[in-house]
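Okay, thanks for coming, everyone. Let me put the model up and then walk you through it.

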Amino acid sequence: MERSSKHGRINHLAPEGHKWCDRCSQFLPVHEFYPSSPYCKPCNKSYQKERRALDPDRYLRNKKTQRLKRFTMTSEDFDTLLASQGGVCAICRQDLQHDTNQRLSVDHDHSCCSGKGESCGRCIRGILCSNCNSGLGHFRDSPEVVQSALAYLLNWASMENA
């Protein structure tokens, strides 16, 4: 059975390959819709923007919750882990609890899980600032490459001080 929109239009009345947008009240090609959304992509974008403006804290909480699901973590798990690190990045020790502009990253062992953007949750190493997380990614999580980079920097520093 076809789903009716809240405006009483029925999608089976749509021309082939089209769907009714409940927001702009038009039949549009199905590729203009996200799966299971009653709104076309432009309407969906404006709807989401309006919702974020009405309750920005809810948006941030939901975004954090969605991100943590990838790591099989709850918000409480995240907060506990961050607290166990003293509220700082596990690498550079930057204060992460009071820097609201800093995007925090859950670091995990990429070799443990399937690599499809999901983690089993058992391979979580810590919470990092975005710079340190990017750095580990660029070093391909390789201790040997990180040690080589350290040797390079120490060698440069000793030549500069000579």
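So, to begin: what percentage of the 162 residues in the protein do buried residues make up? The answer is 25%, where buried means under 20% relative accessible area, exposed means over 50%, and partly exposed is in between, with a 1.4 Å probe and protein chains only.

A word on ground rules. This is a predicted model, so to speak of local features I need pLDDT of at least 70, and side-chain atom pairs count only at pLDDT 80 or more, while totals for chains, interfaces and linings use all residues. Residues are numbered from 1 along each chain as its sequence is written, and side-chain values use heavy atoms, with hydrogens and water left out.

We have five helices and four strands, where helices (H or I, at least four residues) and strands (E, at least two) are DSSP runs numbered from the N terminus. Reading from the N terminus, the order is β-β-α-α-α-β-β-α-α. As for contacts, meaning heavy atoms within 4.5 Å, take the ones between residues at least 6 apart in sequence: 34% of them join residues at least 24 apart.

S1, residues 18–21, and S2, residues 26–29, run antiparallel and are joined by four bridges; for two strands to pair, DSSP has to find at least two bridges between them. His-18 sits opposite Pro-29, and Cys-21 is opposite Gln-26. Keep in mind that side chains in a regular strand alternate between the two faces of the sheet.

Ser-25 is partly exposed, at 39% relative accessible area. Asp-141 also has a positive phi, about 55°, and is not a glycine either. You'll find Asp-141 in the loop between H4 and helix H5, 143–160, and it counts as partly exposed at 26% relative accessibility.

The structure has two aromatic pairs, where rings of Phe, Tyr and Trp (its six-membered ring) pair if their centres lie within 6.5 Å, with planes under 30 degrees apart called stacked, over 60 edge-to-face, and the rest tilted. Trp-20 and Phe-27 have ring centres 4.9 Å apart and planes at 70°, so that pair is edge-to-face. Trp-20 is buried at 7%, whereas Phe-27 is partly exposed at 29%. There's a charge over a ring too: the charged end of Arg-23 sits over Tyr-39, 5.9 Å from the ring centre. The rule there is NZ of Lys or CZ of Arg within 6 Å of the ring centre and within 35 degrees of the ring normal.

Now the cysteines. Cys-40 is buried at 3%, while Cys-24 counts as partly exposed at 25%.

On to the packing. A nonpolar core here is a set of buried Ala, Val, Leu, Ile, Met, Phe, Trp, Tyr and Cys residues joined through side-chain atoms within 4.5 Å. The largest one has 14 residues, and Phe-78, Leu-96, Val-106 and Ile-127 have the most contacts inside it. Helix H3 (75–84), strand S3 (104–108), strand S4 (124–129) and helix H4 (130–138) each put in at least two residues. S4 gives the largest share, three residues. Leaving out neighbours within four places in sequence, Ile-127 touches several residues, including Phe-78, Leu-81, Leu-96, Leu-104 and Val-106.

Apart from that core lies another, of six residues, and Cys-21, Phe-33, Cys-40 and Cys-43 are among them. Phe-33 is in the loop between S2 and helix H1, 41–54, and is buried at 6%. Beyond its neighbours within four places in sequence, Phe-33 is in contact with residues including Trp-20, Cys-21, Leu-28, Tyr-39 and Cys-40. Also, the C-alpha atoms of Phe-33 and Asn-44 are 8.4 Å apart, with eleven residues separating the two along the chain.

That's my tour, thanks.
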